[in-house]
Amino acid sequence: MKFWYEDCVEYKNDRVIVKLYDGNTFKKSIVIPTSYYPLNEKYEVFTKNNTEIVSDDKILGIFDEVKYKIGFCYSNSKQLYQKLVAQAIDAKIYCGWLFVGAAEYPVHHCWVVVNGKHLLDLGDDFTVMLSGQNAENFKNASIAETRRLTADFARASKNVPNRVRCAPVGTPTPFLLYVGCECDAERGREIYNQLLKRYPNHECERNCDRNGLNETQRIIRSYGVM
């Protein structure tokens, strides 16, 4: 199966160019790294095509130990990283940009890579969320309905083990594209905060309120899940 980014990404030695399309209409080229889409070091790209599912129960057990908090990718990843390295597991924190589709602006994000081949992201529950009956529910949903369905899933999965909610752990949901570099979580947060000071109307924050919450997260918060 071919994924959207296989036709929309151009790799250069010092940068990556992701072309966004709204249907068949070209929307914009996102160039990483730049002042507008910064990174701390040279970029690396992660997708389903270059990562592997985790089968090690020790790693999965540690993954389950982290109390996932929606909208707190830096602290979620930091906790996971600290628990992994405490058990002598080769783990690294990455910060950068997450694309969720060919038409969407990326969001600044933080994740963990284990043994150089497993991407662990406590926020990636798309595979499970979009499976079964939910797949049909999301298929023809409006934007408002999609937000509500996502919030409903967050509420329903609140107490589900991370390894189940985020299955398969270690490889991203097929339509996700991660562009980032090894970077301390606090440094990543600092880079993002500095970015918003330079560009207070940055497109990655276009749908967020003054607290940094998007509409879906505001619904989730109203459920008492965040």
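The radius of gyration here is taken over C-alpha atoms, and the globule rule used with it is 2.2 Å times the number of residues to the power 0.38.

**View 1. The whole protein chain, a predicted model, with its overall dimensions**. For 226 residues, a compact globule would have a radius of gyration near 17 Å, and the protein chain agrees, with 17 Å. Along the principal axes, the C-alpha atoms fill a box of roughly 45 × 40 × 40 Å. The protein chain holds nine helices and eight strands; these are DSSP runs (helices: H or I, at least four residues; strands: E, at least two), numbered from the N terminus. Residues are numbered from 1 along each chain as its sequence is written, and side-chain values use heavy atoms, with hydrogens and water left out. Because the model is predicted, local features need pLDDT of at least 70 and side-chain atom pairs count only at pLDDT 80 or more, while totals for chains, interfaces and linings use all residues.

View 2

**View 3. Strand 2 and its two partners, with Ile 17 as a landmark**. Look for Ile 17 in strand 2: Glu 10 stands opposite, and Val 31 is its bridge partner in strand 3. Two residues separate strand 2 from strand 3 in a hairpin, and Gly 23 in the turn has a positive phi of about 70°.

**View 4. Helix 3 against helix 8**. The axes of helix 3 (residues 73-86) and helix 8 (residues 185-198) come within 9 Å and cross at roughly 165°. Helix 3 is therefore roughly antiparallel to helix 8. Axes are lines fitted to C-alpha atoms, for helices over the stretch in contact, and angles run from 0 to 180 degrees between N-to-C directions. Angles under 35 degrees count as roughly parallel, over 145 as roughly antiparallel, 65 to 115 as roughly perpendicular and the rest as oblique. On the helix 3 side, Tyr 74, Ser 75 and Lys 78 meet Ala 185, Glu 186, Gly 188, Arg 189 and Tyr 192 of helix 8 (contact means heavy atoms within 4.5 Å).

**View 5. Helix 2 packed on helix 3**. Helix 2 (residues 57-65) and helix 3 pack at an angle of about 145°, their axes 9 Å apart. Ile 59, Ile 62, Phe 63 and Glu 65 of helix 2 make the contact with Leu 80, Lys 83 and Leu 84 of helix 3.

**View 6. Helix 6 crossing helix 9**. The axes of helix 6 (residues 143-156) and helix 9 (residues 215-222) come within 9 Å and cross at roughly 45°, so the two helices are oblique to each other. Here Arg 147, Arg 148, Thr 150, Ala 151 and Ala 154 of helix 6 meet Glu 215, Thr 216, Ile 219 and Ile 220 of helix 9.

Key: Pairing = 2+ DSSP bridges.
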